[in-house]
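I opened this model to look up its sheet, its helices and its cores. My entries follow the viewer.

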Amino acid sequence: ARARGAGRGAGRARGAAARAGATGKEEVAELQALREGLSRDLERKTAKWEQEKRNSGGVAAPGIDAAAEALGATLPGAFDEDGDPIRAVGVDTFKPALAAAGAGLAVVDFYTVNCGPCKLMYPKVVEMAREFEDVTFLKMLCNKENKPIGKEYKIRVAPTFILFKGGEEVARMTGAHSDELQALIQAHR
């Protein structure tokens with residue numbers, strides 16, 4: 001589809017050049033100028049995107065970040081040494097962290113860094129983690145490194161919350177529904 005779309009754009013440019021009475025050389029020059037302009041535009045947009053990503057702590061969606069920040073949300077990937085009650089886990093630490101919860105309830109937040117609902121939900125999950133001190137709260141960033149865990153637990157949507165008890169899944173929910181998550185936690189404590 002991409003090549004077809006590019007062909008249509010080039011076709012329109014050739015058609016415009018032909019209608020303007022352009023010779024073959026003029027048509028080629030016009031197409032080269034169009035190509036160079038598109039390349040410069042792509043480079044500019046890529047550079048802007050990379051700068052926004054660097055400025056927002058590795059998140060490529062600064063508009064969502066600003067909205068989440070205005071609502072008091074924090075970036076889920078940034079571990080707060082000053083009291084974040086949710087432990088970040090990865091592919092190597094996920095199963096040991098579940099095992100450490102023993103027979104108790106463990107809630108795992110599967111999230112992505114550019115997910116608006118994840119960012120809006122995170123402060124509420126932090127509140128729940130502080131409220132339910134007997135429950136283990138974990139967060140798993142869905143990225144390339146953690147993909148095996150995401151595949152194993154069939155994570156398709158972010159945020160996904162899976163509740164484990166004794167290492168076994170007892171409940172699951174997706175989306176930014178804090179009341180539903182809180183009810184699930186209370187039901188399985």
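**Ground rules.** I am reading a predicted model, where local features need pLDDT of at least 70, side-chain atom pairs count only at pLDDT 80 or more, and totals for chains, interfaces and linings use all residues. Residues are numbered from 1 along each chain as its sequence is written, and side-chain values use heavy atoms, with hydrogens and water left out.

**Confidence.** I checked pLDDT, the predictor's confidence in each residue, from 0 to 100. The protein has a mean of 78, and 64% of its residues reach 70 or more. Helix H3 (residues 62-70) scores lowest, with a mean of 46, while S4 scores highest at 98. Residues 1-10 fall below 50, and this stretch has two contacts beyond near neighbours in sequence. Residues 59-82 stay under 50 as well, with 43 contacts in the model beyond four places in sequence. Where pLDDT is low, the predicted coordinates should not be read in detail.

**Sheet.** I took helices (H or I, at least four residues) and strands (E, at least two) as DSSP runs, numbered from the N terminus. Strands pair if DSSP finds at least two bridges between them. In what order do the five strands of the open sheet run? I read S1-S3-S2-S4-S5, with mixed pairing. Strand S1 (87-89) and strand S5 (168-174) are the edges, each pairing on one side only. Neighbouring strands are turned by 25° against each other on average, direction ignored. S1 pairs with strand S3 (residues 136-141) in the parallel sense, over three bridges. I found Ala88 opposite Lys139 in S3.

**Helices on the sheet.** I used contact as heavy atoms within 4.5 Å. Axes are lines fitted to C-alpha atoms, for helices over the stretch in contact, and angles run from 0 to 180 degrees between N-to-C directions. Helix H5 (residues 116-131) packs on the sheet and touches strand S2 (105-111), S3 and strand S4 (160-165). Its direction makes about 160° with that of S3. Helix H7 (residues 178-188) lies across S2, S3, S4 and S5, at about 165° to S5.

**Cores.** A nonpolar core is a set of buried (under 20% relative accessible area, 1.4 Å probe, protein chains only) Ala, Val, Leu, Ile, Met, Phe, Trp, Tyr and Cys residues joined through side-chain atoms within 4.5 Å. The largest has 19 residues, and Val107, Phe137, Leu163, Leu181 and Ile185 touch the most other members. H5 gives the largest share, six residues. I listed the contacts of Ile185 beyond four places in sequence: Leu105, Val107, Met128, Phe132, Val135, Phe137 and Leu163. A second, separate core has 15 residues, including Phe94, Ala101, Ala106 and Met140.

Methods
Buried means under 20% relative accessible area, exposed over 50%, partly exposed in between (1.4 Å probe, protein chains only).
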